[in-house]
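Here are some friendly notes to read with the model open beside you. Take the points one at a time and find each residue as you go.

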Amino acid sequence: MNRHIRKVAIIGSGVMGSRIACHFANIGCEVELLDIAPNELNDLEKKKAISIDSTQFKNRIVNDALATAIKSNPSPIYRKSFATRIRTGNLTEDLGRINDCDWIIEVVIERLDIKQQVFENIEKHRTQGTLITTNTSGIPINLMLEGRSDDFKKHFCGSHFFNPPRYLQLLEIIPSKETSQEIIDFLMDYGHKFLGKKTVFCKDTPAFIANRVGVYSIMSLFHAVEEMGLTVEEVDKLSGPILGRPKSATFRTCDVVGLDTLVHVANGIKDNCPDDEEIALFKLPDYISKMVEKGWLGSKTKQGFYKKIKDENGKSEILTLDLNTLEYREKAKVKFPTLDMAKPIDNLNQRTKMLFMGMDKAGDFYRKLFGGLFAYVSNRLPEITDDLYKIDDALKAGFGWELGPFETWDIVGLDQGLKLIGDQNKKAAGWVSDMKEAGIKSFYKTEKGVKYYYDVTSKSFIPIPGGEEIVSLDVLRSENKVWGNSDTTIVDIGDGILNLEFHTKMNTIGGGVIEGIQKALTLAETEYNGLVISNTGQNFSAGANVAMIFMMAIEQDYDELNFAIKTFQDTMMRVRYSNTPVVVAPHNMALGGGCEIALHADKVIAHAELYMGLVEFGVGLIPGGGGTKEFAKRLSEEYVAGDIKINRLRERFLTIGQAKVSTSAYEAFDLGYLREGIDEVVVSREYQLTRAKEACLKMANKGYVAPKREKNITVMGQEGLGIVYVGANAMLSGNYMSEHDRVISEKLGLVLCGGDLSQNETVSEQYVLDLERKAFLELCQEKKTLERLESIVKKGKILRN
């Protein structure tokens, strides 16, 4: 049957329930968020004389939970208006609303008896055929079915979201013995395409996949800290971004998640997995037990492995827990020769090899950590899953690892991995030895654009399911590379469409990227049908490297700087007016120059998690790669549409002048970076390039005709400049901005208003571009701008231009 999800009921409005509700609202679903009614009036309700029969009282728990979720940072919702898609209610009076819902998700306390009671009440109102799932993180799915109807059992399974649901991509689907295959298939597909999740099919085993392996890794590390004499700072430095892990690394992550939560999962594994060969590692070290006893659980109790205080001057300071004395002290600097050698290496695969080669305590740490991990994951097949790639998928999507355990093992090498295991007096599963004896040296391979994994059961390589539906650069890059330089690669992604990807530090834009864009456009115009600009980096692009601009400015090489800026402008204009369709697919950070590339595309296919902005004002500049020009052009189009000129100018001016960055792709529409009716948002990062290719191919197949260069941009001249100057002087007088900020504001206003013209006039794009470049160069000569640029260079940061 064709199943559609229009309306969802979330039963339980705690931290997870309220945020799951927000994510369904994000994708356009109506949501019924229900929770229990309070037992008695609180002091505030008594003071206001609120009746216990009132809806306000009965919905207090759910309303407070939703309000807290929406106010939280980072926000669980893409756009504040989306919260209107959520209707709250209580389980006493409103449970009947679930009868027209397409999917009911239980998210109540982790107690089997309470869940069974909730399911009994749900079944009184649930319409047959409706999906019903539980968000349990570890209770066996089959135990929840006692007393349920056959239809309930058929449509029931586990759907384990990870917190926060908007940001963590993992959704584990755990069927019971009674779950229909049609339901499993639907949820696997829906989670991926509509919720933007990496859906992973799990067996009904304790902690499922991600938590089983992820918590093992953390517990192993807890014990290694004692054995190796490592500090909290050292471990977080070793297990963070240098290893392709989140910035919160290990101990900071434990503080955020809550030590009690971690201990609960660890104890669950210890109690329910008696045959786990590493069961001893799930026993809590003494320092963890003492922290739990003291209530030092992390952020929720204001202290854990870290503690934030204020000194006598009122300045915030973060202290670190000494694991030996359990006393807080100042954070210490961490330095290991291995990290110093690995840090300059941008490629994670190459950097990982370097980390394993270290001859200091850091190298010993990595070899110990991964020797145990490689053995552990090999022994979890077929216990928790039959397919090794699912373990990698779960750890990457649920814990934010860039490399899964088996992917890491491939980088290290099969033999070296086995040696690491042996050095730790551990033993890999027998199937690994069988694989080696058969002459197979890796867990993955790619052939003819298809990625394969080693299947333990058949002892052969088989394609990873679903790959045929997705365009993946990681799969196509090795065999379909058309051209490349040190900063970019052009890949043929099929059907006459090229993809240009950047691979500089944070995908910053310099001469090599500009060369790559020009080359890709030439190839697309002469030999192919269209171009997509996207990449697989953590960020689409953080902009231009400030060092290049700073060096030219400090040496007063203004002719060279003028040439560089004009080259960037000309390249952006070529993106806009080339004879081939250009689609840009940004994700995460698209700042400054990265934003300007998107502004000039025929179409943008944006990932929902898009932090887009023109942020040059913060370093004393204005957008110089056509960004200011594009805002002037779009202002002109809005004037024609009948908007009030001054209000619209003020909005667009403040977007650049306050360096506003969208908190989602939807907010990028509100800020004017994306265009309603032209640009699109996709929730699935994995599907983004596929959709971008489809959009590009569609334009090509319709018979793409390049747009004409705009010669009729309406600008406001002195009418708009007056508003800008008055506003800037008022801000300066009120000490809300510096004299330097006033100078930048006036330069920005001059470009947006088309110069010091006596009346509204029409001008060409090139005219505005020349004004933009002139203003940019003049600002580069300002002493305060140079100071800001120098400060950023010294801090090793990147100019988001």
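1. In which loop is the place of Asn735? Asn735 sits in the loop between α29 (718–733) and α30 (739–752). Helices here are DSSP runs of H or I with at least four residues, strands are runs of E with at least two, and both are numbered from the N terminus. Asn735 has a phi near 60°, a positive value in a residue other than glycine. Asn735 is also exposed, with a relative accessible area of 69%. (Exposed means over 50% relative accessible area, buried means under 20%, and partly exposed is in between, using a 1.4 Å probe and protein chains only.)

2. Before going further, please keep in mind that this is a predicted model, where local features need pLDDT of at least 70 and side-chain atom pairs count only at pLDDT 80 or more, while totals for chains, interfaces and linings use all residues. Residues are numbered from 1 along each chain as its sequence is written, and side-chain values use heavy atoms, with hydrogens and water left out.

3. Some other loops deserve a look at their backbone. Lys459 is not a glycine, yet has a positive phi of about 55°; Lys459 lies in the loop between β13 (450–455) and β14 (460–463). The peptide bond from Asn73 to Pro74 is cis, with omega near 5°, and Pro74 is in the loop between α4 (60–71) and β3 (86–90). Another cis peptide bond joins Leu381 and Pro382, with omega about 5°. Pro382 is in the loop between α15 (361–378) and α16 (388–399).

4. Now turn to strand β2 (residues 30–35). Five of its six residues are buried, so β2 is largely enclosed by the rest of the structure. Strand β1 (residues 7–11) pairs with β2 in the parallel sense over five bridges; two strands pair if DSSP finds at least two bridges between them. Within this pair, Ile11 stands opposite Leu34. β2 also runs parallel to β3, joined by five bridges, and Val31 has Ile86 in β3 as its bridge partner.

5. Trace the chain from β1 through helix α1 (residues 15–26) to β2, and you have a right-handed β-α-β unit. Right-handed means that, with the strands pointing away from the viewer, the path from the first strand over the helix to the second runs clockwise.

6. Leaving aside neighbours within four places in sequence, Asn90 is in contact (heavy atoms within 4.5 Å) with residues including Leu34, Asp35 and Lys58.

7. Next, the nonpolar cores, which are sets of buried Ala, Val, Leu, Ile, Met, Phe, Trp, Tyr and Cys residues joined through side-chain atoms within 4.5 Å. The largest has 111 residues, and Phe222, Phe251 and Trp431 are among those that touch the most other members. Apart from it lies another core, of 78 residues, among them Ile509 and Met612.

8. Finally, how many disulfides are there? Taking a disulfide as a pair of cysteine sulfur atoms within 2.5 Å, the count comes to zero. For Cys157, the nearest cysteine sulfur is that of Cys202, 11 Å away. Cys157 is buried, with a relative accessible area of 0%. Cys273 is in no disulfide either, as the nearest cysteine sulfur, that of Cys202, is 14 Å away.
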